[in-house]
Amino acid sequence: MVKILTAVISMLFASCNNPWTAKDKEEFYGGCVKGALKDMTEDKAKSYCNCMLEKVQKRYPNVSALKYIRADTALYSIANECRK
């Protein structure tokens with residue numbers, strides 16, 4: 001799970017737009033799935049990443065706000081919710 005979150009956060013740091021654009025969503029989802037496939041099946045990875053995208057967007061409506069969070073706090077909580 002740490003690898004997944006690290007990949008997602010790294011990808012998001014490169015994308016410092018304010019509101020989420022279609023490109024931001026695609027990059028988040030694509031990066032998430034790529035990382036998640038190391039730990040789960042493709043179907044589970046897609047479901048997990050859809051959940052992550054939805055919850056992260058709600059918590060961080062501006063992509064640029066993600067650079068202020070730490071991987072071991074809010075994203076772990078969201079990731080745990082999505083893994084259920």
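Among contacts in the chain between residues at least 6 apart in sequence, what percentage join residues at least 24 apart?

1. The figure is 63%, counted over the contacts between residues at least 6 apart in sequence. Keep in mind that this is a predicted model.

2. On to the overall layout. You'll find four helices here and zero strands. Walk along the sequence and the pattern reads α-α-α-α.

3. As for what's tucked away, 39% of the chain's 84 residues count as buried.

4. Now for a helix pair to look at. Two packed helices are described by the angle between their axes and the distance between the axes. For helix 2 (residues 22-36) and helix 3 (residues 42-59), the angle is about 140° and the axes lie 9 Å apart. Angles over 145 degrees would count as roughly antiparallel, and helix 2 and helix 3 are therefore oblique to each other. Their crossing is right-handed.

5. Want to see who touches whom? On the helix 2 side, the residues are K25, F28, Y29, C32, V33 and A36. Across from them, helix 3 brings A45, K46, Y48, C49, N50, M52, L53, V56 and Q57.

How values were computed
Residues are numbered from 1 along each chain as its sequence is written. This is a predicted model: local features need pLDDT of at least 70, side-chain atom pairs count only at pLDDT 80 or more; totals for chains, interfaces and linings use all residues. Side-chain values use heavy atoms; hydrogens and water are left out. Axes are lines fitted to C-alpha atoms, for helices over the stretch in contact, and angles run from 0 to 180 degrees between N-to-C directions. Helices (H or I, at least four residues) and strands (E, at least two) are DSSP runs, numbered from the N terminus. Angles under 35 degrees count as roughly parallel, over 145 as roughly antiparallel, 65 to 115 as roughly perpendicular and the rest as oblique. A crossing is left-handed if the near helix is turned anticlockwise from the far one by less than a right angle, and right-handed if clockwise. Contact means heavy atoms within 4.5 Å. Buried means under 20% relative accessible area, exposed over 50%, partly exposed in between (1.4 Å probe, protein chains only).
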